[in-house]
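Work through the following exercises with the sequence and the coordinates at hand.

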Amino acid sequence: MKNITLSKRLSAAAELCRDGSFIADVGTDHAYLPIYLAKCGKIRGGVASDINKGPIDRARAHIAENGLSDVIETRLCDGLSELSVYAPDDIFILGMGGELIARIIENAPFVKNKNIRLILQPMTHSEILRKSLLDGGFSITVEKLVKEEKIYRIIVAEYSGERSDYTDVELTFGRQTIEERSPLFFELLDHTERVMNERICGKRISGADTSEEEKMLGEIEKIRRFEDTEKLK
Ligand SMILES: C[S@@+](CC[C@H](N)C(=O)[O-])C[C@H]1O[C@@H](n2cnc3c(N)ncnc32)[C@H](O)[C@@H]1O
């Protein structure tokens, strides 16, 4: 048996798993997350899936090395396409682009179930993922930021059948993250500001439209101004 130490990013996602869940880890690669959760006794079982043969072979080997082949199954498939038969309680989709995660969820109507918790960690375009979740009738119940060299976003969503409208800035940063105003959030704002300014410089050279970036900078400025006013109170 090998000891598994999760990265900060995966640990933060693991903490959001419910006790006694049967989990699906989509795009599992090494299967560290389900192995860790099974070894802690937090889950009753799980399925680790991946679209690529290399990762799923690696996952299967790690699961076997840890003596967990009867607790965690493996499945070679695209997204959630073959996972409804497992009736997972908690579904992890971590370390992929936000657009891909959104597509995987949109293609799996069985996840529109109030008992299922989606634990998601988009590497890019979290705003596209949030919009797709809200349009699909999911409520975003938790937003977490975690720093490990860069800042990662973790989103928990559950189907409610209700539609909430987010502003552009809420889609970009997450409503709870904006409300919590943690130091990491302000670090993320600094980073976003730098990226927007770089994009504006690049676009100006080619004469491209910079209105989207300017709008985002304006929204960031509004959040900072609100913060300054609150501090003066
Ligand atoms: C960067 S790794 C992330 C591994 C792990 N989830 C993590 O966060 O550390 C992305 C994994 O997703 C898999 N993947 C990409 N597209 C997928 C899809 N449509 N369905 C299932 N797995 C996919 C890749 O093969 C790869 O193993």
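A salt bridge is taken here as a side-chain nitrogen of Lys or Arg within 4 Å of a carboxyl oxygen of Asp or Glu; with this criterion, a search of the whole structure gives 23 salt bridges. The model is predicted, so that local features need pLDDT of at least 70 and side-chain atom pairs count only at pLDDT 80 or more, while totals for chains, interfaces and linings use all residues. Residues are numbered from 1 along each chain as its sequence is written, and side-chain values use heavy atoms, with hydrogens and water left out.

**Exercise 1.** Determine which residue forms a salt bridge with arginine 18, and describe where the two partners lie.

*Solution.* The partner is aspartate 90, and the closest N and O atoms are 2.6 Å apart. The pair links distant parts of the chain, 72 residues apart: arginine 18 belongs to the loop between helix H1 (8-14) and strand E1 (21-26), whereas aspartate 90 belongs to strand E4 (residues 90-96). Helices (H or I, at least four residues) and strands (E, at least two) are DSSP runs, numbered from the N terminus. For accessibility, buried means under 20% relative accessible area, exposed over 50%, and partly exposed in between (1.4 Å probe, protein chains only). Arginine 18 is partly exposed because its relative accessibility is 26%, and aspartate 90 is buried because its relative accessible area is 0%.

**Exercise 2.** Find the salt-bridge partners of lysine 215 and arginine 224, and place each pair in its helices.

*Solution.* Lysine 215 meets aspartate 168 in a salt bridge of 2.4 Å, N to O. This pair links helix H9 (residues 211-232), which holds lysine 215, with helix H6 (residues 168-173), which holds aspartate 168, across 47 residues of the chain. With a relative accessible area of 40%, lysine 215 is partly exposed, and aspartate 168, at 41%, is partly exposed too. Arginine 224 forms a salt bridge with aspartate 190, with the closest N and O atoms 2.8 Å apart. Here arginine 224 in helix H9 is joined to aspartate 190 in helix H8 (residues 183-206), 34 residues apart.
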